[in-house]
Amino acid sequence: MDRADAILQAVQRIYDAAVSPGDWAPALNSTATAVGGLCGFLMAGNQPGRRIDLSVGVMANPGLLARFSSALETGPLPPWIETMAVGQARRISDMQSESDYARSEFYNEIVRPQDAFYGAFAQLESTSNQRSIIAFGRTRQARDFADGGVAAFQAVVPHLINALRLRQRLGEADLRAADADAVLDRIDLGVILVDDQARPVRLNSAAEAIVARSDGLSAGPAGLAAGRADETRRLRRAIAMAAAAGTGPTSTDAAVRAATAAARLQVSRPSGLRPLILTVIPIRNLSTSRQQGRVQRAAVFVADPNRTLDTPVGVLRELFGLTAAEAALAIEVGQGDGLQAVADRLSIATTTARTHLTRVFEKTGTNRQAELVRLLASCHQPALRGD
């Protein structure tokens, strides 16, 4: 699995965890894989009550969680944590010299017993009410986090912030129907919940608008359908596989991989506009009632490439430190066209475009345009209306 795919898998599991608290451990594990962490933890606490509400570790001994939980409440925390901007992923080595860090109380009392040395941190929330931190560690022998790992960490951080906010809204309760309606209608992306026969169970307002246009995707009693028969068959096959994977045990990775292997597809549009991009994911069966049985369902996310995104240049500059010119080129490359076509649209020389692309690869930790396209897709997380 390359890094771009690892990021996409981490993002999917993070949003699973937002509505199913038991899924935070696999979400953290997937994030560690994308970042290159050998151990890590996610911790969220209530500041006024000095109470830890969420504490999850991956490949970390229980002592690390207890030690950091205590440090979060009473210290010692290194001064650089307090100066970190919320939403920014950083290496410890970028904030403190290795020699000073090795002598610090934070390292010797909290990190060293885990047999870790190098670290990467991010503050996900820091207010008078809530404090959330995620961190990953590596041993001295494994060396420090690579630039690509830090870029992957930064790409995932906004999704972690969104998921924690959603978790707070839901109060860690089961996602009841009323809550689902409210949350889904706030997502600025088409979301369709379907059964294993591709019959719609719920459409959010964005999906209803897409279906109402009847331009490539329709929804009726017979199920979701594309404008072309072959695309309808591929869509319904992906839905059936995802729905089946969602009813399996959480350890059935093979089923999940099989479901997600064909879960991204394009649906052509009679209007001639660029195809809709559909992503199909399993919905894990949370029912514990024997009478309800194993309900097979999936979720279909519908993105319209013709829709104008909100200030994506600023997002990419913030996440990866791209210049305005590099971010503009990255967005054009993300449309899937060749470099010459991108250069023509931006009215720049091909050699200039190639130079920009080389720098974009370096800063995002990617090596090929296909990897960059997948990474950019992970950065376009659904916006929440009203946020």
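Modeller: The charged end of Arg138 sits over the ring of Phe145, 5.7 Å from its centre. For that label, NZ of Lys or CZ of Arg must be within 6 Å of the ring centre and within 35 degrees of the ring normal. Arg140 also lies over a ring face, that of Phe117, at 3.7 Å from the ring centre.

A word on the source: this is a predicted model, where local features need pLDDT of at least 70 and side-chain atom pairs count only at pLDDT 80 or more, while totals for chains, interfaces and linings use all residues. Residues are numbered from 1 along each chain as its sequence is written, and side-chain values use heavy atoms, without hydrogens or water.

Now the ring pairs. Rings of Phe, Tyr and Trp (its six-membered ring) pair if their centres lie within 6.5 Å; planes under 30 degrees apart are stacked, over 60 edge-to-face, the rest tilted. That rule gives eleven aromatic pairs. Phe41 and Phe68 are tilted, because their planes meet at 45°, with centres 4.5 Å apart. Phe41 is in strand β1 (residues 39-46) and Phe68 in helix α3 (residues 62-74), so this pair ties together parts 27 residues apart in sequence; helices (H or I, at least four residues) and strands (E, at least two) are DSSP runs, numbered from the N terminus. Phe41 is buried at 5% relative accessibility, and Phe68 is buried at 1%; buried means under 20% relative accessible area, exposed over 50%, partly exposed in between (1.4 Å probe, protein chains only).

Trp80 and Phe121 pair edge-to-face, 5.2 Å centre to centre with 80° between the planes. They link helix α4 (residues 79-83) to strand β4 (residues 118-126), 41 residues apart. Trp80 is buried at 6%, and Phe121 is buried at 6%. Together with Phe106, the rings of Phe41, Phe68, Trp80 and Phe121 form one aromatic cluster.
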